[in-house]
Amino acid sequence: MVYLDNAATTYPKPASVIAAMSRALVNYGANPGRAGHRLSMETAQAVFNSRLKCAEFFGAEPENVIFTLNCTHALNLAIKGIISPKAHLIISDIEHNAVLRPVHAVSKDAGISYSAARTTPDETETVKNFERLINSRTKAIVMTAASNVTGRILPFKRIAELCRSRNICLIIDAAQAAGVL
């Protein structure tokens, strides 16, 4: 079997992942942060060590690393957490359903608006297309880092700079890119 979506789902699992999951199932059977006994404390330390490794990998602070069920769940939390009445979001024209569905849902239910920026092979043009859609109500740009359909990598670093300069939140779907880029 050739499975082309393994960046998001990690299938088939590498042997090192299977070994780590097996160790966790055997060694960390208590809820972290819920008790003071040895097993709970060891589990909490293992979770914290994972948070440190993720923070180092992504260039973040450990306290800003949050574990969720999966990327879709994280995107839903971020999108629904950023909106306010009459807010405006910008997405790319190549978004995955993990972004399209929650953005469309909040546009119907919460009365927000959204625009889709046209992406092209020309990074400068793509950034300008996002920039043209920014207005006074824009709360966030929500975009994929890399498409699992086309393989296109968007200029997310340049769009991050744009967001920083305009004080706009950036939400990146990096499910397909985190382990590759």
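## Exposure and the overall model

Buried means under 20% relative accessible area, exposed means over 50%, and partly exposed covers the range in between. Arg 118, with a relative accessible area of 45%, is therefore partly exposed. The model described here is predicted. Of the 181 residues of the chain, 29% count as buried.

The chain holds 7 helices and 4 strands. Their order along the sequence is α-α-α-α-β-α-β-α-β-α-β. The C-alpha trace spans about 55 × 40 × 30 Å along its principal axes. When contacts between residues at least 6 apart in sequence are counted, 60% of them join residues at least 24 apart.

## Charges and salt bridges

Side chains of opposite charge can pair when their charged atoms come close. The structure holds 4 salt bridges, and some of them are described here.

Arg 118 pairs with Glu 125 in a salt bridge with an N to O distance of 2.7 Å. Glu 125 is partly exposed because its relative accessible area is 29%. Another salt bridge joins Glu 123 and Arg 158, whose closest N and O atoms are 3.9 Å apart. This pair links distant parts of the chain: Glu 123 belongs to helix α6, Arg 158 belongs to helix α7 (residues 156–166), and they are 35 residues apart. Glu 123 counts as partly exposed because its relative accessibility is 40%; Arg 158, at 33%, also counts as partly exposed.

Arg 38 and Glu 42 form a salt bridge with an N to O distance of 2.9 Å. Both residues are in helix α3 (residues 38–58), and because they are 4 residues apart, about one helical turn separates them. Arg 38 counts as exposed at 58% relative accessibility, whereas Glu 42 is partly exposed with a relative accessible area of 33%.

## A buried aspartate without a salt bridge

Asp 173 is in strand β4 (residues 169–173). The residue is buried and has no salt bridge. Its nearest side chain of opposite charge is that of Arg 101, 12 Å away. A salt bridge needs a side-chain nitrogen of Lys or Arg within 4 Å of a carboxyl oxygen of Asp or Glu.

A polar atom of the Asp 173 side chain lies 3.1 Å from the backbone nitrogen of Ala 175. With neighbours within four places in sequence left aside, Asp 173 is in contact with Cys 71, Leu 75, His 96, Val 99, Met 143, Thr 144 and Ala 145.

## Two buried loop residues

Thr 120 is found in the loop between β2 (113–117) and α6. The residue counts as buried because its relative accessibility is 9%. A polar atom of the Thr 120 side chain lies 3.0 Å from the backbone oxygen of Asp 122. Apart from residues up to four places away in sequence, Thr 120 touches Glu 125, Thr 126, Asn 129 and Arg 152. Glu 125 is also the salt-bridge partner of Arg 118.

Ile 134 lies in the loop between α6 (123–133) and β3 (138–144). At 16% relative accessibility, this residue counts as buried. Its contacts, with neighbours within four places in sequence left aside, are Ile 90, Leu 162, Arg 166 and Ile 168. Ile 134 and Ser 115 are 19 residues apart in sequence, and their C-alpha atoms are 9.1 Å apart in space.

## Positive phi in two loops

Most residues other than glycine have a negative phi. Lys 86 has a positive phi, near 65 degrees, and is not a glycine. Its place is in the loop between α4 (71–82) and β1 (88–92). Lys 86 counts as exposed because its relative accessibility is 59%.

Asn 167 also has a positive phi, about 55 degrees, although it is not a glycine. Asn 167 lies in the loop between α7 and β4. With a relative accessible area of 73%, Asn 167 is exposed.

Terms used: Residues are numbered from 1 along each chain as its sequence is written. This is a predicted model: local features need pLDDT of at least 70, side-chain atom pairs count only at pLDDT 80 or more; totals for chains, interfaces and linings use all residues. Side-chain values use heavy atoms; hydrogens and water are left out. Buried means under 20% relative accessible area, exposed over 50%, partly exposed in between (1.4 Å probe, protein chains only). Lys and Arg count as positive and Asp and Glu as negative; His and the chain ends are not counted. A polar contact is a pair of N or O atoms within 3.5 Å; within protein, one must be able to donate a hydrogen and the other to accept it, and residues adjacent in sequence count only if both atoms are side-chain atoms. Contact means heavy atoms within 4.5 Å.
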